[in-house]
Amino acid sequence: MAQSSSTKPTWLLQVLLLLFCSNFVSVQSRDCQRSWRRAWRDLSCEEQDEFLDALLLVKESGEYDDFVYIHEWFGELTHYTPEFLPWHRWFIWNFEKVLQQATGKCIYIPYWDWERDAEWEWDSDVMHPDTFGTWGETSNVNGRPCVNDGIADYRDSPFARSLGIDDGPLGCVEREFLQGFSFTGEAQMLAMITNYDQYADTSRGNNAVNGFRIEYENGPHMLVHGIIGGHMETNWSPADPVFWIHHSNIDRLWTLWQDYWDHDECHTDDYYAPWHYEGDLLDEELPFRNRAVDWDFRMRYEDGSRDHPTPRDVMSNDGPVISVTYMNDHLASLIPDYDANPRLIQTAYDDVDIKCDRDDWRRRKLQKGTASAERRGRETDDVPFRNSLRGDVTQDFVKADGTDDRPNSCQQNNFFTLQEDREEWDRLCRELPASTTVAERFAILAQRNCNRRGNPRSDADELKSRMK
């Protein structure tokens, strides 16, 4: 967002805002209207447990499966279509309300910033035997690859009664991890955000896609679904609880793209294709009507009326109904001179280290009991458990004489998660002409990252054959 500095809160005010708006607050003390979403790695063990417990509670109530049905029922209308991003924004917003009603707390869906786990998926703090399940671990149960630990453990969890793929019998949450592929990393994501300036693809099949939505959906979004596999590679994907933190991140990155291209400076009434959306469908009702489920997906408008929303109604995360702030955003901090709208994106001021030591949390619970462990957790979880950066974190790009000859746009803290990206970014800063734009630098970084990894594209046959 290109807002002038005079209209923005000071950095101190933003810090105070972060402290005030904790992730989980009693519903009695706030109405939960605005969502304050943080990265999974940025939550304490206690906060993570509250979210996991909320998922289990809603699953046991039966409301969870209504959302799986809705996602499957309208899958063909809401994937590979312009509606993909706005439909899922409203979908996860409503699921968040279910979590809040079930628990009586302001619980918000964390985001899995998987761009930081690219090439290290197996070591992600998200995939743990006490949370969403160990990366790559399943058990063959009657020919089905069943999750065998975490909240979706097929042996002892409400998720053992999940809706079967393709209307199959109730059973486990399935995963079938695909080897040889990695998630979209920071370099690719930054290149995509800063180089695609319009929502719609208007290339007319001339080999070079120029629209953000289609490239984003078919690339970063599809990679996570396809690599995890099982339920996640089908329209039954919400049956896997990791779906929610994945799609919270999908919405966060779309919000970052919207803010980077100043969509917040334009009222949604003035949105138009191809910049903000595709075609003439902004005022067409999003497909949510289904009498088979109990949850009411209608939007309550400012005049008190209720109806199913249109894309225009949900295009902004700072609207009269949907209000979402993505907090402590690490990727945003990597964009030089990006002036974020703090009501949408609150830029991180550090590496956003991993707060929760799951193994230690488990030991504390076993040794001291749950209540004691939670008290101790509040005392110690403010101290990061593990640095999020990979490789040598002591790199210093300033010369021995104390000077820095890189362009001004490069003279910022280099917090790329991967050491290889940190080193490559520094090389590009020294080698490329000072006139090279930030978007061009990110595009070159992304290309060199791909060349180094030799990673198959998201349109590889192995992935395309999985997505159903």
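1. Two strands are said to pair if DSSP finds at least two bridges between them. Helices (H or I, at least four residues) and strands (E, at least two) are DSSP runs, numbered from the N terminus. Strand S2 (residues 34–37) and strand S8 (residues 323–329) pair in the parallel sense over four bridges.

2. Some conventions apply. Residues are numbered from 1 along each chain as its sequence is written, and side-chain values use heavy atoms, with hydrogens and water left out. As the model is predicted, local features need pLDDT of at least 70 and side-chain atom pairs count only at pLDDT 80 or more, whereas totals for chains, interfaces and linings use all residues.

3. The protein chain contains 15 helices and nine strands. Of its 468 residues, 58% count as buried; the term means under 20% relative accessible area, with exposed over 50% and partly exposed in between (1.4 Å probe, protein chains only). Among contacts (heavy atoms within 4.5 Å) between residues at least 6 apart in sequence, 73% join residues at least 24 apart.

4. Strand S2 is covered on both faces. Arg34 and Trp36 on one side, and Ser35 and Arg37 on the other, are all buried.

5. Helix H3 (residues 63–73) has buried residues that include Tyr64, Phe67, Ile70 and His71. Their cover includes helix H2 (45–61), helix H4 (75–78), helix H5 (84–103) and helix H8 (242–260).

6. A nonpolar core is a set of buried Ala, Val, Leu, Ile, Met, Phe, Trp, Tyr and Cys residues joined through side-chain atoms within 4.5 Å. The largest has 102 residues, of which Phe91, Trp112, Phe132 and Trp244 touch the most other members. H5 gives the most to this core, with ten residues. Apart from this core lies another, of five residues, among them Cys32, Trp36, Tyr108 and Met327. In soluble globular proteins, nonpolar side chains tend to be buried together.

7. Not counting residues up to four places away in sequence, Phe91 touches Phe67, Ile70 and His71, as well as Pro238, Phe243, Trp244, Phe288 and Phe297.

8. Thr81 lies in the loop between H4 and H5 and is buried, with a relative accessible area of 15%. The side chain of Thr81 makes a polar contact with the side chain of Glu83 (3.0 Å). Such a contact is a pair of N or O atoms within 3.5 Å; within protein, one must be able to donate a hydrogen and the other to accept it, and residues adjacent in sequence count only if both atoms are side-chain atoms. A polar atom of the Thr81 side chain also lies 3.1 Å from the backbone oxygen of Leu77.
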